[in-house]
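Me: I'd like to learn how to read a model feature by feature. Could you walk me through one?
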Amino acid sequence: MINFAAAISLIVIAVLRRIMNYISVENVSRSFADVALFKNISLGINEGQRIGFVAKNGYGKTSLLNIITGTEQPDTGAVNRRNDLRMAFLSQEPDLNPAMTIEDVILASDIPTMKIIQRYERAIANPDDVDAMQVAFEEMDAANAWDFETTYKQILSKLKLDDLSQKVGNLSGGQKKRIAMAIALLSNPQVLIMDEPTNHLDLEMIEWLEAYFKAANYTILMVTHDRYFLDRVCNEIIELDNGQLYTYKGNYSYYIEKKEERLDIEQTTQEKAQQLFKKELNWMRRQPKARTTKSKSRIDDFYKIKEVASNRRKDHKVELEINMERMGSKVVELHKISKGFNGNTLFSNFSYNFLRGERIGVIGKNGTGKSTFLNLLTGNLQPDTGKITIGETIKIGYYKQDGLVAKPGQKVIDVIKEYGEYIPLAKGRMISASQLLERFLFDNNKKHDFVEKLSGGERKRLYLCTILIQNPNFLILDEPTNDLDIPTLNVLENFLMDFPGCLIVVSHDRYFMDKIVDSLFVFNQSGTVTNFPGNYSDFRAYVGSTDIALDLDESDTVAKLESVPEKIQAAPAKENAGPTREQQKELSRLENKIKQLNEEKEKLQASFLKEGMDADTLVENGKKLDAVKSELEEREMEWLELTESLEG
């Protein structure tokens, strides 16, 4: 008789043997200043995995990456790597020689294909050595090095590294990060480890990088707060939460769904444990000193129950609330403004009247004038032509990309006290500077730390606090998501969604933009600014969802954008003279959303026709299709109701 269990075991073993293990992390621990970041962490990185590693700031994400790559040593445990492993590490702050040019840095890096090409060139220069020539040819074939020059130029071009003669010491932090990214990609690693890879990249570069990773055969471990990037690149999410690792075999959307289920189960388990704990506590108090073996076993169980019952989650959240100044009917008016530098016009004759409660995202390639536009709104620059009129009741809060500028030796509490010992909140309430910092997750020790000791995320959080306590009703945010962890981003998004004032956001975080903005200012390289009704995903669907990257130079894209004002940007209508600008914007937003949902529905329906789809994917796609159909029905009903009201 066939032993099916044994046969299945042999098949499983055979499959597991085919899965190549690259890195094993075994019982690793790390502490700083007697504070444990993590204890006895174990995980494996296998061929084909694309892992997103998520955790709150301060939980040790960067430390764990440094330990895995060998740049930092653990307090306990070990990391084992394959002897022949090709690994590349993209750190948050690349260490590059400032005296070298970009080209010198790339050529001096440990890129295996470049070394093969150099050996080939030496062999070509010495044709008498036939054996060396043969070895060189074989190495070139094995490494597919013949096409390396094309790949090299493509990567440098997409990362905007055009002038290779520039000295590294003269470059910005973003340019240095892009050099390090180029080196990591050109090294063709088996395992690519990245710490915040999308920081300092614009939307075009991020979308190109997503497409590149989908096509490339990398095993990836990365830390990033870019949730769309996690969703589209990763096939596994590992979360470090309250000292434990949790693994989710899916992308970011799957992780969010399953984490909610886990938390619900944990809460139910703890509630049951608390009830059982009360019952067992009464039993313990009644027990005589002399106990049987059976009693001792129950006592051991009691202490286990006690541990579960007292294991409360430490989910402290940033609490944001402000006493926003009242807005009058006049907000901000732009009258045919133009601005340029050194004979180069960034934008010209741009007019716009902001309405109360508008939420606008600003997008466009680098150099099209996005930051200049923000500085015009805040009065830091003056337009070359035209004028900007700001209503008397408008109070602007400007969150700059540069971040907090603290005085030397200044402590965290002192930064807040510059705005007063007590801060006004909503509904006439007051709060002390110390209490306000607690709401922004600064404990007693952190309050009295020097600002220069704070991490990047903590400095951003403190800076955000100083902006909001000034009670702005017109909020301008320039890259607010950099260095913030995902839990803090979620809280910030929830706050901004309820913010009753005007909001302008420049950000490369597409998930963030999609969630909080209703329309876009699209800065084109032709010097025009287009007001697009919809969020970033709506915009991408409108200009062409098949485009790899945001490219506002292409003629077909420009033509589409030029048609937007004719269709949806008519001047504000007079009373009873037809739909208002807000109604037009809402109608066009719904039309764009319906188009996007129809495309998603068609893709999901087409996926069922593909052969070889496994059962889990089939079920998952079925759920997605139901959700898309449901949302499509809702949006079509909204569109119908709106058009009927306009016709009536």
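This is a predicted model: local features need pLDDT of at least 70, side-chain atom pairs count only at pLDDT 80 or more; totals for chains, interfaces and linings use all residues.
Me: Let's begin with charged pairs. How many salt bridges does the structure hold?

Reply: The structure holds 26 salt bridges. One of them pairs R540 with E207, with the closest N and O atoms 3.2 Å apart. R540 belongs to helix 19 (residues 536-543) and E207 to helix 8 (residues 203-215), so this pair ties together parts that are 333 residues apart in sequence.

Me: Are R540 and E207 buried or exposed?

Reply: Both R540 and E207 are buried. A salt bridge also joins the side chains of D509 and R227, at 3.7 Å from N to O. D509 sits in the loop between strand 18 (502-506) and helix 18 (510-516), while R227 is in helix 9 (residues 227-233), so parts 282 residues apart in sequence are tied together. With 1% relative accessibility, D509 counts as buried, and R227 counts as buried at 0%.

Me: What about a pair within one helix? Where do E261 and K258 lie?

Reply: An α-helix has 3.6 residues a turn, so residues three or four places apart point the same way. In this structure, E261 and K258 are three residues apart in helix 10 (residues 252-286), which separates them by about one helical turn. They form a salt bridge whose closest N and O atoms are 3.5 Å apart. E261 is partly exposed, with a relative accessible area of 37%, and K258 is partly exposed too, at 24%. Salt bridges can also share partners: E210, D226, R232 and R510 are joined into one network that way.

Me: Let's move on to helix packing. At what angle do helix 7 and helix 8 pack?

Reply: Two packed helices are described by the angle between their axes and the distance between the axes. For helix 7 (residues 173-186) and helix 8, the angle is about 15° and the axes are 14 Å apart. Angles under 35 degrees count as roughly parallel, and helix 7 and helix 8 are therefore roughly parallel to each other. The crossing of helix 7 past helix 8 is left-handed.

Me: Which residues of helix 12 are buried?

Reply: In helix 12 the buried residues are K370, T372, F373, L374, L376 and L377. That is six of the eight residues of helix 12 (residues 370-377), so the helix is largely enclosed by the rest of the structure. Just after helix 12 comes G379, with a positive phi of about 85°.

Me: Which residue other than glycine has a positive phi of about 50°?

Reply: As background, most residues other than glycine have a negative phi. N342 is not a glycine, yet its phi is positive, about 50°. N342 is found in the loop between strand 10 (332-341) and strand 11 (344-353), and it is exposed, with a relative accessible area of 85%. E479 also has a positive phi, near 50°, and is a residue other than glycine. It lies in the loop between strand 17 (474-478) and helix 17 (486-498). E479 is buried, with a relative accessible area of 11%.

Me: One last feature, the surface. Which residues form a nonpolar patch there?

Reply: The patch is made of I124, F137 and W146, which together have about 270 Å² of accessible area. W146 is in the loop between helix 5 (130-142) and helix 6 (148-158). With a relative accessible area of 39%, W146 is partly exposed.

Definitions and conventions. Residues are numbered from 1 along each chain as its sequence is written. Side-chain values use heavy atoms; hydrogens and water are left out. A salt bridge is a side-chain nitrogen of Lys or Arg within 4 Å of a carboxyl oxygen of Asp or Glu. Helices (H or I, at least four residues) and strands (E, at least two) are DSSP runs, numbered from the N terminus. Buried means under 20% relative accessible area, exposed over 50%, partly exposed in between (1.4 Å probe, protein chains only). Patches are made of residues with over 30% relative accessible area and no salt bridge: like charges are joined within 9 Å, nonpolar side chains (Val, Leu, Ile, Met, Phe, Trp, Tyr) within 5 Å. Accessible areas come from the Shrake-Rupley method with a 1.4 Å probe; for residues, only the protein chains shown count as cover. Axes are lines fitted to C-alpha atoms, for helices over the stretch in contact, and angles run from 0 to 180 degrees between N-to-C directions. Angles under 35 degrees count as roughly parallel, over 145 as roughly antiparallel, 65 to 115 as roughly perpendicular and the rest as oblique. A crossing is left-handed if the near helix is turned anticlockwise from the far one by less than a right angle, and right-handed if clockwise.
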